[in-house]
Amino acid sequence: MNVLNVPKDLRYSEEHEWVKTEGQTVKIGITDFAQDELGDIVFVELPEVGDDIEADAAFGSVESVKTVSELYAPISGKVVAVNEELEDSPEFVNESPYEKAWMIEIEPNDLGDVEKLLSPEDYEKVINEED
Amino acid sequence: MGDLKQSPLAEVYKKSGAKTIDFGGWDLPVQFSSIKEEHQAVRERVGLFDVSHMGEIEVKGSEAENFLQYLMTNDVSKLQVGGAQYSAMCYENGGTVDDLIIYKKESEDFLLVVNASNTDKDFEWILSHVPEGVTVRNSSNDIAQIAIQGPLAEKVLQKLVKIDLSSLGAFKFVDAVNVGGIQSLVSRTGYTGEDGFEIYCPWGEAVNLWHALLDAGEEEGILPCGLGARDTLRFEAKHALYGQELTPEISPLEAGIGFAVKVDKPSDFIGKSVLKAQKENGIPRKLVGLEMIDKGIPRAHYDVYLEEVKIGEVTTGTQSPTLKKNLGLALIDKSHSALGTEVDVDIRGKRRKAIIVKAPFYKR
């Protein structure tokens, strides 16, 4: 099978989201493993700027040709930006899950929550078990 | 997961790394590379499908044709030796037991090809009605099926057979054809909306046939295709899928396969009185095409509303890989089924606007 990328500078959730800290805000997207499992992504539904999202609650969805999958928030916070490009180019999720396909940027209620998420090593264990 | 039934190509899947899923109790690939790429290969070139999970039931004997006339909604007496016919089998109440293809191999020798997940149910149903002078056999474990579909399917298959495929018409077949050294039944049928062939061979020869066809089609850009592309292809062509467009609660007339229901054929058949009444008085529900106006993709079982009234539900929906539109098939009240009607689809709790459009969405 493909070798799936798990960058070392990110944190991860059990639900296959990644989180990247950029100063006081964090970006969130789905992992290489998640996009590979889903197949061709054709639609991404995201919240609006200003929305509050809550850890473990659904904040949007991604749809492949075949199925819909909810996006679960790894941490709580307020949405400060959404990646509008995904509306016209959902294929970025397949092509560039960690760069072009960041989904939302939030201001966390507590930046310390990020450190409680899975390390790259622990996330690799999660995906090896699922495989 | 250990008790899933395995296709004869299970080893091929393992080696290729294709993603497999539990499909009606079978361990089958959703995709080999990408649903979109596989879909496009079939629309533009040629694709190869393993559909060995499909059920095969032999019906033989002096009374076989009369028996099938009684079970089937289509007129089996119109079928010539070497011909194939699409039909439904119904319950007395007009609901659908299954949709299938009938092959007439000899005047007293028929082969029924049925949906995998219905094979046991169909076999029981047929046995429960079988009269004297008919023998019925479930050959599903002996016969494999590989479909080669797309505009270049004939060109590729012709490299492996001596018969002239250009003279084999739609819904015609030839039995005992040598396909690259493998005795097969070659039928000009399919489930993709494209030209193509369905090839039946002995279970143990399926791997050889698969590789022979892939090799023969290399120059034409043949791609192995999974169930994902099979579903999007049949969806665009508005081919019904049992379990979605057809169920025990949906009549073949409602599902838009009235062309396979001959209520005026000379003999009686199971379901006739209900189907005849539906044909004369109008069907209660109708299968329509939906195109989303708002964002979102309609999916199976999403409710469809006209203003505040629920008028039906989506049976299949996806983003059409050919048309790049978010489309659905929906079974709704006939009285609200006019083309151009604006409806709402309940997409996970949000009402999204859609419009009733013509289906099939794609015709070659």
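Visitor: Which residue in β3(B) does B:F23 stand opposite?

Guide: B:F23 stands opposite B:W26 in β3(B). Strands here are DSSP runs of E with at least two residues, helices are DSSP runs of H or I with at least four, and both are numbered from the N terminus. The model is a predicted one, in which local features need pLDDT of at least 70 and side-chain atom pairs count only at pLDDT 80 or more, while totals for chains, interfaces and linings use all residues. Residues are numbered from 1 along each chain as its sequence is written, chains are lettered from A and ligands numbered from 1 in the order in which they are written, and side-chain values use heavy atoms, with hydrogens and water left out.

Visitor: In which sense do β2 and β3(B) pair, parallel or antiparallel?

Guide: Strand β2 (residues 19-23) of chain B pairs with β3(B) in the antiparallel sense, over five bridges. Two strands pair if DSSP finds at least two bridges between them. The two strands form a hairpin with two residues between them, and B:G24 in the turn has a positive phi of about 55°.

Visitor: What about β1, then?

Guide: Strand β1 (residues 5-6) of chain B runs parallel to β3(B), and two bridges join them. B:Q6 has B:D27 as its bridge partner in β3(B).

Visitor: How many residues of β3 in chain B are buried?

Guide: Six of the six residues of β3 (residues 26-31) are buried, so this strand is largely enclosed by the rest of the structure. Buried means under 20% relative accessible area, exposed means over 50%, and partly exposed lies in between (1.4 Å probe, protein chains only).

Visitor: Where is B:H53?

Guide: B:H53 is in the loop between β4 (47-50) and β5 (55-60) of chain B. B:H53 counts as buried because its relative accessibility is 4%. Leaving aside neighbours within four places in sequence, B:H53 is in contact (heavy atoms within 4.5 Å) with B:F23, B:W26, B:L28, B:A116 and B:L227.

Visitor: New topic: B:T189. Buried or exposed?

Guide: B:T189 counts as buried, at 4% relative accessibility. This residue lies in the loop between β12 (182-187) and β13 (196-202) of chain B.

Visitor: What do its polar contacts look like?

Guide: The side chain of B:T189 makes a polar contact of 2.5 Å with the side chain of B:E198. Another polar contact, of 3.4 Å, joins the side chains of B:T189 and B:Y103. A polar contact is a pair of N or O atoms within 3.5 Å; within protein, one must be able to donate a hydrogen and the other to accept it, and residues adjacent in sequence count only if both atoms are side-chain atoms.

Visitor: How many residues does each chain give to the contact between them?

Guide: Chain A gives 17 residues and chain B gives 19. The area buried between chain A and chain B is about 1,500 Å², of which carbon and sulfur atoms give 48%. Buried area is the accessible area (1.4 Å probe) that two parts lose on being put together, summed over both. In chain A, A:D40, A:V65 and A:K66 lose the most area to chain B, together 37% of what that side buries.

Visitor: And how many salt bridges cross the interface of chain A and chain B?

Guide: The rule finds seven salt bridges across that interface. A salt bridge is a side-chain nitrogen of Lys or Arg within 4 Å of a carboxyl oxygen of Asp or Glu. One of them joins the side chains of B:R348 and A:E45 (3.7 Å, N to O).

Visitor: What does B:R299 do?

Guide: The side chain of B:R299 meets that of A:E63 in a salt bridge (2.8 Å, N to O). This pair crosses between chains, from B:R299 in the loop between β15 (285-292) and β16 (303-306) of chain B to A:E63 in strand β6 of chain A. B:R299 is buried, with a relative accessible area of 7%, and A:E63 counts as buried at 0% relative accessibility.

Visitor: Which residues are linked in a network of salt bridges?

Guide: The linked residues are A:E45, A:E63, B:R299, B:R348 and B:R352.
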